[in-house]
Amino acid sequence: MCVMCNMTGTFDPSRHAEGNGFDGGPVRAAIAESVDAAAGTGTNYTMSVGDTFNGTLWLGDRDWVRVTLTAGESYNITLNGVSLTDPYLRLYDSSGNLVAYNDDGGPGLDSAMSFNATSTGTYYVAAGGYSDARSGTYSMAVTSSGSTPPTPGGSGASLDDLANFLTHGYWGGSSRSFNTSGSNQITVNISGLTAAGQQLARWAFEAWEAVANIDFVETLGSAQITFDDNDSGAYASSSTSGTTILSSEVNVSTAWLANSGTTIDSYSFSTYVHEIGHALGLGHQGDYNG
């Protein structure tokens, strides 16, 4: 592969570690509030189930974020204060009607609640402070706690259904991907890996290029996907704007390679293929993680 520089991505360090298999925590995006989120259905922010939204509240401020929920599924919604003291969490339906709220359901004064969706569609999670008299930074998340993954061979489990779950269902009905409308090239920086890790990454690039219209281009500078082996376990994480992935990071530890081998038929190779799939925007084949 040629070595060149291309697009620059900004990575948000929020991520998850993996355990005794792929993914010990949710594959998610960390979305940052760059301009103030509107307090209403006109908000310019959207998150997917599994994402984390990080924002700032001013006195009297409320931040609404759009999310798609699926009928029959249960969700855990949390609002944790970073510098914000005593967060207050609200959930609204597509028309902006209040359907649920919580004050101190999480640890300390943080907010947390469970919600069973009775209809599929748009909802709004809203971050606020108690009595609208608090200011500071916060982190808000929506995770699924009760959906059932499609069963191969079962009713409705066609190949299209299974493929759609990888690209949309896992993320709560939306999708995420790099913008390749202008070029099918995606820049990657593997300089932070050992020689064995770099070889595994290159083999995985070739595997993806064989089945997808993607050309991975190595660079020593800023890249759309950056690889390292500094953390324990294996994980992938992305920074997004709407449904567009701005940048991704893939970590596969050196201990993982030591335990799982470095040949092309090793579990380490499968791990690289798997985590690159997450970095490109794929979820899991069902509502599981681990």
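**Strands and helices**

User: What stands opposite Gly55 in strand 9?
Analyst: Gly55 has Tyr138 opposite it in strand 9. Strand 9 (residues 136-144) is joined to strand 2 (residues 52-57) by six bridges, and the two run antiparallel. A strand here is a DSSP run of E with at least two residues, numbered from the N terminus, and two strands pair if DSSP finds at least two bridges between them.

User: How far can I take these details, and how are residues counted?
Analyst: This is a predicted model, in which local features need pLDDT of at least 70 and side-chain atom pairs count only at pLDDT 80 or more, while totals for chains, interfaces and linings use all residues. Residues are numbered from 1 along each chain as its sequence is written, and side-chain values use heavy atoms, with hydrogens and water left out.

User: Back to strand 9. How many bridges does it share with strand 4?
Analyst: Strand 4 (residues 74-81) pairs with strand 9 over seven bridges, in the antiparallel sense. Asn80 has Ser139 as its bridge partner in strand 9.

User: What is the strand order in the sheet of four strands?
Analyst: The order is 3-8-5-6, in an open sheet with antiparallel pairing. Strand 3 (63-69) and strand 6 (98-102) are at the edges. Each of them has a single partner strand, so one of its sides is left without a neighbour in the sheet.

User: And how is strand 3 held to strand 8?
Analyst: Strand 3 and strand 8 (residues 121-129) pair over seven bridges in the antiparallel sense. Leu69 stands opposite Gly121 in strand 8. On average, neighbouring strands of this sheet are turned by 25 degrees against each other, direction ignored.

User: Which strands make up the sheet of five?
Analyst: That open sheet runs in the order 11-10-12-14-13, and its pairing is mixed. Strand 11 (215-218) and strand 13 stand at the edges, and one side of each is without a neighbour in the sheet because each has a single partner strand.

User: In which sense do strand 10 and strand 12 pair, parallel or antiparallel?
Analyst: Strand 10 (residues 185-192) and strand 12 (residues 225-228) pair in the parallel sense, over three bridges. Val188 has Ile225 as its bridge partner in strand 12.

User: A change of topic: at what angle do helix 2 and helix 4 cross?
Analyst: The axes of helix 2 (residues 195-211) and helix 4 (residues 267-280) cross at roughly 60 degrees and come within 9 Å. That makes helix 2 oblique to helix 4. A helix is a DSSP run of H or I with at least four residues. Axes are lines fitted to C-alpha atoms, for helices over the stretch in contact, and angles run from 0 to 180 degrees between N-to-C directions.

User: What counts as oblique?
Analyst: Angles under 35 degrees count as roughly parallel, over 145 as roughly antiparallel, 65 to 115 as roughly perpendicular, and the rest as oblique.
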